[in-house]
Amino acid sequence: MSKQKVVVYGASGYTGRLVCEYLRELNIPFIAAGRNAKRIQEVMNCIPGIETANYRVVEVKHEVDALAKLFDQAEVVCNMVGPFIKLGQQVVEACLKANCHYLDTTGEQDWLLYAQSEWGDKFAKQKLLLSPGIAHMYTTGEIAANICLETPGVDTLDILTLWKGLPTISSTQTIFTILKANWYYLEENKLVEWKPGQSYEVNVPGQHEQTLVLPWGGTSHPVWFEKDPRVATCKVLGGVFSREVMQGVIEAQKMIEDKIKTLPLSEQENALSAIASSVQGSMPPRENPRINKSVDSVYASGPLTRVHCVIYGNCNYKQTGLLQAYAARSLLMEKPKRIGLASACQAFGHRNLLGILRNFGLVMNPVVTIQN
Ligand SMILES: NC(=O)c1ccc[n+]([C@@H]2O[C@H](COP(=O)([O-])OP(=O)(O)OC[C@H]3O[C@@H](n4cnc5c(N)ncnc54)[C@H](OP(=O)(O)O)[C@@H]3O)[C@@H](O)[C@H]2O)c1
């Protein structure tokens, strides 16, 4: 039996389970790890065909030494225990200690910036990949942006990313965590702070009804494109399709500005976590491609060039699970295209990632319009 070189940490969660499902489909042996072995095994038992997977369940404490001891047996860690700004530190440190590549599913710009400054060089020195944010938000949009950038001359990215569905427990905690952070866009290769409280009505390609969106934590794209010689400016808007949910987030954002940000830093996290728990306290249903849709649209422009790329997809949590499993498989087989801090597209190539999403039925062929 081949060795299990991939650890899925947080395998009992909604996304962790999906990563395990796709690792099975890609024929990659794995360790399903987390804080409660019984719960993980119950979740694994629900995966159709799991009896054909090469895996084992391991219970581990959320502490650097315990995690590093487990990771010593592996090469790649897929961390599914978020919010990462709150819980990610021990896992990254353990990866460095055990000499493992680190992947997570963050959509949180503050975590990405922190990971970059804290560990980017250290991972590069150990020839390891540090890739926070291999997930629908924001890899699918990054694929669309890179398709636009295949046309020379564009330097500005105007990105919209949307999904339809209910957030999981950790996703809800994450949404509230990012509400207290500063959010940045990229203007002439400098990160510029969004003014708090900004929201926009946007036209979504392929529908008549407008949608309400936010800068949604700033997103990962401004960080990924900050040092890309082709790109000077990158602004991103996004959220979920439900207007009601978006209005709720806008109200929560206002309340956080007025009431939570005035609290001492140590009390802010607990207060936010309590609000998040009251909003989403249970596991949402398994995704349904007829209901759970995604749209990632990029208007790219330059002085005399315009490109528009739209990727229509479904089941954004499944997209996330598949992207993680593919990244892990790739790292077992060849060196990433970049080491240190790198996005999914920088490490694995946007056309490869698009190919895997297309072949598992999760996104349509991108719709690309070029004017130059
Ligand atoms: N950017 C994107 O597009 C995207 C997409 C999907 C997910 N995500 C992110 O991925 C993360 C996971 O999401 P999810 O959907 O899997 O959430 P979930 O269903 O709530 O699962 C969370 C997992 O983390 C574990 N966990 C929570 N607190 C822990 C702690 N203190 N110590 C150890 N383990 C802990 C849970 O273990 P128990 O079962 O023992 O509670 C569970 O395995 C979230 O941060 C979410 O925002 C991002």
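Q: How many residues of domain 1 are in contact with domain 2, and how many of domain 2 with domain 1?
A: 30 residues of domain 1 are in contact with 32 residues of domain 2. Contact here means that the C-beta atoms of two residues, placed from the backbone, lie within 7 Å. This is a predicted model, so local features need pLDDT of at least 70 and side-chain atom pairs count only at pLDDT 80 or more, while totals for chains, interfaces and linings use all residues. Residues are numbered from 1 along each chain as its sequence is written.

Q: OK, and where are the bounds of the two domains?
A: Domain 1 is 6–135 + 317–359, and domain 2 is 136–316 + 363–371. Those bounds come from an automatic or database domain assignment. Taken over C-alpha atoms, the domain centres are 22 Å apart.

Q: Which elements give two or more residues to the side of domain 1 that touches domain 2?
A: Helix 4 (84–87), helix 6 (109–125), helix 12, helix 13 (344–348) and helix 14 (350–359). Helices (H or I, at least four residues) and strands (E, at least two) are DSSP runs, numbered from the N terminus. That side of domain 1 has 14 nonpolar, 11 polar and five charged residues. For the classes, Ala, Val, Leu, Ile, Met, Phe, Trp, Tyr, Cys and Pro count as nonpolar, Asp, Glu, Lys and Arg as charged, and the others, Gly among them, as polar.

Q: Switching to the ligand: how many residues surround it, and which are the closest?
A: There are 29 residues around the ligand, and the closest are Gly13, Gly82, Met137, Thr168 and Ser170. A residue counts as near a molecule if its C-beta atom, placed from the backbone, lies within 6 Å of it.

Q: Which helices each supply at least two residues of that shell?
A: Helix 1 (14–25), helix 7 (136–148), helix 8 (169–178) and helix 12 (316–333). Helix 8 gives the largest share, four residues. Both domain 1 and domain 2 supply at least three residues of the shell.

Q: And how does the shell divide into nonpolar, polar and charged?
A: Nine of its residues are nonpolar, 18 polar and two charged.

Q: Back to helix 8: how many of its residues are buried?
A: Nine of its 10 residues are buried, so helix 8 is mostly covered. Buried means that 20 or more other C-beta atoms, placed from the backbone, lie within 10 Å of the residue's own; exposed means 12 or fewer, and partly exposed is in between. Ser170 and Thr172 are among the buried ones. Threonine 172 counts as buried because it has 21 C-beta neighbours inside 10 Å.

Q: What about arginine 329: where is it found, and what does it touch?
A: Arginine 329 is found in helix 12. With 19 C-beta neighbours inside 10 Å, arginine 329 counts as partly exposed. Not counting residues up to four places away in sequence, arginine 329 touches Leu26 and Ile28.

Q: Now the nonpolar core: how many residues are in the largest one?
A: The largest nonpolar core has 107 residues, and Val7, Val8, Val77 and Cys78 have the most contacts inside it. Helix 12 gives this core its largest share, eight residues. A nonpolar core is a set of buried Ala, Val, Leu, Ile, Met, Phe, Trp, Tyr and Cys residues joined through C-beta atoms within 7 Å. A second, separate core of eight residues includes Phe176, Ile178, Val249 and Ile256.

Q: Which residues of helix 3 are buried, and why do they line one face?
A: In helix 3 (residues 64–71), Leu67, Leu70 and Phe71 are buried. Seen down the helix axis, they fall within an arc of 95°, so they line one face of helix 3. That arc is taken from the directions from the helix axis to the C-beta atoms.

Q: What is the phi of tryptophan 216?
A: Tryptophan 216 has a positive phi of about 50°, although it is not a glycine. Most residues other than glycine have a negative phi. Tryptophan 216 counts as buried, with 24 C-beta neighbours inside 10 Å.
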